[in-house]
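Thanks for coming, everyone. Please have the sequence and the model open on your screens. I'll keep this brief.

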Amino acid sequence: MQNRTYTAEAEPGDEVTVAGWVHEIRDLGGIAFLILRDATGKIQVKFEKDEMDEDLVETGLGVSRESVVSVSGAVEEEPRAPTGVEITPESLEVLAPADPELPLDPSGKVDAEISTRLDNRTLDLRKEEVQAIFEIRAEILRAVREYFREVDCTEITTPKIVATGTEGGTELFPITYFGQEAFMNQSPQLFKQLMVGSNLERVFEIGPIFRAEEHNTPRHLNEATMIDFESAFIDHHEAMDVCEGTLKAAYQAVAENCEAQLSLLGYDDFEPLDESFPRLTYEEAIERVNATGEVDEQLVWGDDLSTEAEKALGEDIGSHYFVTDWPSEIKPFYIQDHDDDPDLSKGFDLMHPRMELVSGGQREHRYENLVAGFEQQGLDPEQFDYYTKMFRYGMPPHAGWAYGVERVVMTMLGLENIREAVLFPRDRQRLSP
Ligand code: ATP
Ligand code: MG
């Protein structure tokens, strides 16, 4: 739209055209206000009924809430207006009327169920606190990309339609690919590893992953956005440094650039992550869990950390923390084991006090060990020939990790449900919109 001014930029003394949604109409008798809302905020439009063109007053005050209008007029200072300025309209055009009956109330005065909100996400995002979540999500992605570039990573994108899964298993969505069975990819893991063997050396990807997990939880989606990192010539500790770096960059950027959004979400005291994340070995972690006395059953070496254990440990530590040196058995085949103790892997997880955020590790780059690992986990290395083959042609030592963007948004903002952090969630019940 030519010469359109955002409401936040309308200054007293300007002649402007603003455009947006009718947030509210307040009719006080002789005088009435139309509150117009756009991406940047709201502005008051004043109608003095006796002094203004009758048609203009009728159109402006007769329009239904959430209709799209454009208004041209002079901006004046008005201390009583919500933003300190108001527009006296010279003309008003209804660009798109809205039905008077709305499936949910974008002013937020009437609460809606999450399912109603997700069915009508367009209207839901007209609420400024919901809009704020997605502006913060975008800022996280921007900051993470920028950080990756600073540490010399090249952004890649890899196929989402694949012949075999990353780790086989039941988590795959099958599809038909020209009459042949194929799957939606559950992780870029194998592709990004193939790229550290190329001259790119150091790569990252931000893209969708698909998991046919049957369970319905507040922290799992069937389609999520994953941030993946992989680099040649580093070990798992250096990978953890990069991981910590991206998260700190994201928190820092949100603290610096999203003050208004944070405030809408009730965070007036949002803190960037300044402290180093503690790094506990798996063994230290289970000892610490057992010492809390908060778990029904004591953990023994080899157990995965249950949700209950994660919670107890999270409360005990109270910040992000890494758990390193997991038992090889509960980590995937592509994670390298310690040479002096094959039961111990160089895999790590990054935990937020509420839940797992990241899995990563030093990878197995030696062909023989890799193939043996496949067999140990009951996978057929033949099926992964496209992958294992490249390990015969010079695959450097490498390490990497991945985290879900939605979990970062969710834990950063204290959201109860991961569905709040994705525009159009895919879960057991939801395939549309
Ligand atoms: P969890 O144990 O929490 O189910 P995972 O160990 O199966 O996660 P990984 O395969 O390690 O997950 O994936 C790396 C990261 O991707 C996880 O730490 C998490 O941040 C994110 N992630 C994995 N699965 C999902 C999912 N279904 N929905 C949203 N995010 C996910
Ligand atoms: Mg994991």
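The buried residues of α9 pack against β12, α8 (282-292), β13, β16 and β17. Contact here means heavy atoms within 4.5 Å. Helix α9 covers residues 307-317, and its buried residues are A309, E310, A312, L313, G314 and I317. Buried means under 20% relative accessible area, exposed means over 50%, and partly exposed is in between, with a 1.4 Å probe and protein chains only. Just after α9, G318 takes a positive phi of about 75 degrees.

Some housekeeping. This is a predicted model, where local features need pLDDT of at least 70 and side-chain atom pairs count only at pLDDT 80 or more, while totals for chains, interfaces and linings use all residues. Residues are numbered from 1 along each chain as its sequence is written, chains are lettered from A and ligands numbered from 1 in the order in which they are written, and side-chain values use heavy atoms, with hydrogens and water left out. Helices (H or I, at least four residues) and strands (E, at least two) are DSSP runs, numbered from the N terminus.

Now the sheet. What is the order of its eight strands? The sheet is open, the pairing is mixed, and the order reads β6-β10-β11-β18-β17-β16-β13-β12. Two strands pair if DSSP finds at least two bridges between them. At the edges sit β6 (154-155) and β12 (279-281), each pairing on one side only.

Look at β13 and β16. Strand β13 is residues 321-324, strand β16 is residues 347-352, and they pair antiparallel over four bridges. Y321 stands opposite M351 in β16.

Two helices pack on this sheet. Helix α6 (residues 236-257) touches β10 (202-210), β11 (223-232), β12, β13, β16, β17 (355-362) and β18 (398-404). The direction of α6 makes about 30 degrees with that of β18. Axes are lines fitted to C-alpha atoms, for helices over the stretch in contact, and angles run from 0 to 180 degrees between N-to-C directions. Helix α12 (residues 405-413) touches β11, β16, β17 and β18, and its direction makes about 135 degrees with that of β17.

Next, strand β17. Which residues does UniProt list for "binding site"? The unreviewed entry gives E356 and S359. Its positions are in the numbering used here, feature names are shortened, and annotations may be inferred rather than shown by experiment. The lining of the largest pocket includes both E356 and S359. On a 1 Å grid over the protein atoms alone, a pocket is an open set of points where a 1.4 Å probe fits, with protein on both sides within 12 Å along at least five of seven lines; lining residues have an atom within 4 Å of a point.

E356 lies in β17. Its relative accessible area is 24%, so E356 counts as partly exposed. Beyond four places in sequence, E356 touches E310, D349, L350, M351 and R407. The side chains of E356 and S359 make a polar contact at 3.0 Å. That term means a pair of N or O atoms within 3.5 Å; within protein, one must be able to donate a hydrogen and the other to accept it, and residues adjacent in sequence count only if both atoms are side-chain atoms.

S359 is partly exposed, at 29%. Among its contacts are K331, F348 and W401.

Last one: Q362, in β17. Is Q362 buried or exposed? Q362 is buried, with a relative accessible area of 6%. Its side chain reaches the backbone nitrogen of H236 at 3.5 Å.
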